Amino acid sequence: MADTPVLTASEEDVAAGFRGAMRRLASGVAIITAKGDEGAVGMAATSITSLTVEPPAVLVCINQSAGIHPHLAPGCPISINILSRHQRDVSAAFGGAVPRDKRFEVGQWVPDRHDLPMLDEAQANLTCTIVSMTPFGTHSIVIAGVEAVRLSDAVNPLIYQDGAYL
Ligand SMILES: Cc1cc2nc3c(=O)[nH]c(=O)nc-3n(C[C@H](O)[C@H](O)[C@H](O)COP(=O)(O)O)c2cc1C
């Protein structure tokens, strides 16, 4: 068996090691949109996980410091837009490169059944309502029920890994 290089982390280095480990985890990217006080708000997230099919539900972990966070609560509608490979500009904008009030100028947005912005040409659009929010450390674990789905024809997702897009 070939030797596999192993880097070990001391207890003090666990946080740095953990970040390094997560950089090695390739993830799809989604844009979460919600209703703000003065129009829609949105941010990029890789922490989308399929939770159950019965009922259809997802979870996403949102930093409590994110601009969208005060606008999330059980009963609130959210739109989850899973990005296509050509939409890295949308990911960058909603990841903080563009000011909050200008983000929806990047990409083509149409209203969903809750009148939330839904991204055209995304790999998939999930129309959801938040069921529960559980704080953990700096983040909240948001569980949302999925009410409607729109799919693109081809499967060609944007993938984020090691701080860059594949
Ligand atoms: C590809 C990518 C994935 C991200 N995933 C998450 C995530 O899952 N959860 C999170 O809280 N922030 C995530 N972020 C960071 C937020 O998108 C970023 O901090 C954003 O600026 C927060 O919105 P705000 O500027 O309105 O506060 C991600 C950023 C990028 C670029």
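Is D115 buried or exposed? Let's find out as we tour this predicted model.

**View A. D115 sits in a loop between two strands.** The loop in question runs between β7 and β8 (117-119). With a relative accessibility of 58%, D115 counts as exposed, because exposed means over 50%. Look at its backbone too: phi of D115 is near 70°, a positive value in a residue other than glycine.

**View B. D162 is another residue with a positive phi.** Here phi is near 55°, and D162 is not a glycine. You will find D162 in the loop between β11 (159-161) and β12 (164-165). At 45% relative accessibility, D162 counts as partly exposed.

**View C. A cis peptide bond joins E54 and P55.** The omega angle of this bond is about 0°. To place P55, follow the chain to the loop between β4 (49-52) and β5 (57-63).

**View E. D101 is found in the loop between α2 (88-97) and β7 (109-111).** D101 is exposed, and its relative accessible area is 64%. Now find T33 as well: D101 and T33 are 68 residues apart along the chain, and 13 Å separates their C-alpha atoms.

Technical notes: Residues numbered from 1 in each chain as written. Predicted model: local features only at pLDDT ≥ 70, side-chain atom pairs only at ≥ 80, totals over all residues. Heavy atoms only, no water. Helix = DSSP H or I, 4+ residues; strand = E, 2+ residues; numbered from the N terminus. Buried < 20%, exposed > 50% of the residue type's maximum accessible area, 1.4 Å probe, protein only.
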